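I opened this notebook to keep track of what I looked up in one structure, entry by entry.

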Amino acid sequence: IPYATRLEILDLENPELCCLQSDLSIVYKIIHCNVLPGGGRRSTLIPEGELLSYYFEDAKTLYEGFKRGCSVSENGPCLGYRKPKQPYQWLSYQQVLDRAEYLGSGLLYKGCKRSSDQFIGIFAQNRPEWIISELACYTYSLVVVPLYDTLGAEAIVYIVNKGFLCQSGQAADISTVICDKPEKAESILESCKQGKMPLLKTIILMDLFDDSLKEKGVTLGIEILYFQAVEPPKPDDLCVVCFTSGTTGNPKGALLTHGNVVANAASFLKVVEKTSVYDTSEVAISYLPLAHMFERVVQSTVYSFGGRVGFFQGDIKLLVDDMKALKPTIFPVVPRVLNRIYDKVKPFTQTRFKRLLLNVAVNRKLAEVKQGIIRNNSVWDKLVFSKFQQVTGGKLNLIVTGAAPISPSILMFFRGVFGCHIVEAYGQTECTAGCTVTMPGDWNAGYVGPPLPCNIIKLEDVPEMNYFASDNTGEVCIKGTNVFKGYLKDPEKTAEALDNDGWLHTGDIGKWMPNNTLKIIDRKKNIFKLSQGEYIAPEKIENVYIRSPSVAQVFVHGDSLQSFLVGIVVPDEETLPALAENLGIKGSFEDLCKNSVMKNAVLMEMNNLGKEAGLKTFEQVKYIYLHPELFTVENGLLTPTLKSRRPDLVKCFRSQIDALYASDM
C-alpha cells in the first residue's frame, strides 16, 4: 500500500493480516505503532525516542506557519468568502498578513501590551476577520481567548472576568473583545450595564454599526471601534486559552502554546503526506467553530503549505450550496454532518432496483479500496456516485472526521461513495485536538487509529470498571508535544488532568486492537451506580442504541436510588413512519411519539441491539419516552461539539424521567 506507515513483506498464507497491492502483487502489513517498555505506544512514523514537534523547519509557531504559507504559495489565495448566490472572493496571504499587522498595531495603540501577557477575546462566527484577528495577536505575541454564543451569556461573563495568570505571574484580564456583529456587542454592553464586566475597556467590531451603539458604549466607559490594523512569539509561548464547553459546571480554559498547535498540525500532515501532494492547490471549507481546536488545527495545517480556506456564508443550511461553489479538496466533519448527508441518500434508494444498484456499486468500490485503489472516476462513480459527489463539490481528496464516534457502516459507505481518503481522528482540547488518527490505506473501521507522531499513548487500570492494562483496556493517557500546560487559574482541575509525570488523563476508556490501533469503548467520567451497586457507563449504552434505524438521538439515565435505566429517545423522523405503517399505526410524527405501541416497538429494537452488543441485563433500558424534537446546541441540550449536556437533559426531562420510574410501581 503506498500509504502504509511501515511495510513488512508477509507470508501469503496469512491473508487476514495482509492487503494486496494490485500493481506489484506483493503482500504488505501496516505496522501501526510500536509498544514501549511500561505499556505506552508510539507512532512508527518517527525515529525511536523522538516525538514530533514540527513538520517544517521554518514553521515552529503559528505565525511562522502562516508566513511560510505566504512564501510557498507565492502570495496565493488564502481566505475566501462569499455573498449569497455570488462566487467566492479571495484575500491573498499578504493581504491577510498586512491586515493582521494593521489590527495588531491598533491593539497596541489602544494600550495592549506587546507580549503573551495580554489576552484578547474573539466573539465571532467563522469568517476571514476571525483569522485576521487571531493572526494579529500572534504577530505581537498576544493570546487569543475564543468566545462563542453557545457557551451562554453567563459563561461569557465568567470567562471575561476570569482573571488570567500571565507568564510573569501577574494577573491579567480580557480588557478587549473583538466581535463580528453589533448584536453581540449589544449583549456584552448589557452585561457591562449590569456591572458584570467591570474590566472590559474596548470592543472592536468587524461589521458596521451606528452611532447609538458607540454612544451607549461611551456611557458605560467602553470604547467601540471599527475593525482595523514585533515581535513573533516562541514555540513555548502561550497562543490560545481555549475554553472547553464541558458537559457540567463552568467551562475550563485550556492553556495551549504555539508549539502544541504546530506539533498537532505537523503530526497530522505527517500521517497523510503520502495520500496527496499537499500544496497551494488544496482548498478547505470552514464551517466548524473556530472556537474549537479541531477546526483551528485543520486551518493551521492548510496555511503551512500555502493552501486556501473558504468560509461558509454563516448559515449551516447553505453549506451544500457553499461547497458546490467552493469545490473543496479537504473536508473536516463531525459525524453528524456525514449522517445528514447519508440521510439524503435514502430518497435515491426507494425502489428495490436502486437499492440493489447502490449496494453493488458500494461493494465494488470498497473492493478497490481494499487493494489500495482510491479513485472517483470508475464506471460506478459515473453511473451511481457522481450526483452524491457533487453535493460536496466533486473535488474531495481527504475527509477528516472527529469530535464524536462515527458509525463504522457509514464510514465504509462513504469510503466507497466519495472515492477519497477518509480518516477518523480522536482527541480533546487538552491535547490540542488529536492524539490518534486512522492511517490512510487502512480500509477497516471501528477504531480511531494509532498514536500521532507528536505523542505517546498508554492505558491505565480502572479497577472499579473492570478495565486493566494487562488486558489491553484502560483509561487513555497521553504524553507529548501536543499536551496542554494546564487549566487557567485552576490548579485543582489541572492536577486531576495532568499527573506528576506529565501524562494527560483523558477520562476515556480505550482498548488496544490486535493491529495496534486504539478503540474508544467507554467513558470513565460519566459513570454512576444503580441501587444494586452495579456501575453504569451510559455513553457506551447510547452508542449501541443509536445504531437502531428508528433512533436519531438517545439519552440514557439512571441513579443510585433506582434499580434500572430509563431513556429519552428522539426517533428518526424519516424511518419512524415506515415502522408505524408496518404496525398499522397512522398519525403525525408527534402522534406516533405518543403512541404506546410505537414506543414498545422502538424499545424492542433497542433492546435487541443491546443483546447483540453484549449489554448486560442491568445495562438495558427498561422504559423510554419518545420526544419529537432533536437535542441541539441551540436548545441547550448539546455542547458545541455535539456531546450531550447530561445535567441539562436531566433538568429538561425531569418530569418524564420521574413518570417513567413511577410507571414501574
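**Entry 1: the largest cavity.** What volume does the largest cavity have? I am working from a predicted model, and in it I find a volume of about 260 Å³ for the largest cavity. I then looked up its lining, which is made up of 22 residues, and noted that Leu-62, Gly-65, Phe-66, Ser-300 and Thr-301 are the closest to the centre. The elements that contribute two or more residues to this lining are α1 (62-72), α3 (128-139), α7 (258-272) and α8 (293-304), and α8 gives the most, with 6 residues. Sorting the lining of the largest cavity by class, I recorded 14 nonpolar, 6 polar and 2 charged residues.

Entry 2: I next looked up the second largest cavity, for which the volume is about 130 Å³. Its lining holds 15 residues, and those closest to the centre are Ile-374, Arg-415, His-421, Gly-441 and Asp-442. Strand β21 (residues 421-426) gives the most to this lining, with 3 residues, while the division by class comes to 9 nonpolar, 4 polar and 2 charged.

**Entry 3: cysteines.** How many disulfides are there by the distance rule? I used the cut-off that the two cysteine sulfur atoms must be within 2.5 Å, and the count comes to 0 disulfides. To see why, I checked Cys-435, whose closest cysteine sulfur belongs to Cys-431 and is 4.5 Å away, which is too far for a bond. For Cys-477 the closest cysteine sulfur is that of Cys-435, at 11 Å, and this too is too far for a bond.

**Entry 4: Thr-639.** Last, I located Thr-639 in the loop between β32 (621-626) and α19 (646-652). Is Thr-639 buried or exposed? I put it down as buried, because its relative accessibility is 1% and the cut-off for buried is under 20%.

Conventions
Residues are numbered from 1 along each chain as its sequence is written. This is a predicted model: local features need pLDDT of at least 70, side-chain atom pairs count only at pLDDT 80 or more; totals for chains, interfaces and linings use all residues. Side-chain values use heavy atoms; hydrogens and water are left out. On a 1 Å grid over the protein atoms alone, a cavity is a set of points where a 1.4 Å probe fits but cannot get out, and a pocket is an open set with protein on both sides within 12 Å along at least five of seven lines; lining residues have an atom within 4 Å of a point. Grid points are joined across faces, edges and corners, and a volume is the space filled by probe spheres set on the points. Helices (H or I, at least four residues) and strands (E, at least two) are DSSP runs, numbered from the N terminus. Ala, Val, Leu, Ile, Met, Phe, Trp, Tyr, Cys and Pro count as nonpolar, Asp, Glu, Lys and Arg as charged, and the others, Gly among them, as polar. Buried means under 20% relative accessible area, exposed over 50%, partly exposed in between (1.4 Å probe, protein chains only).
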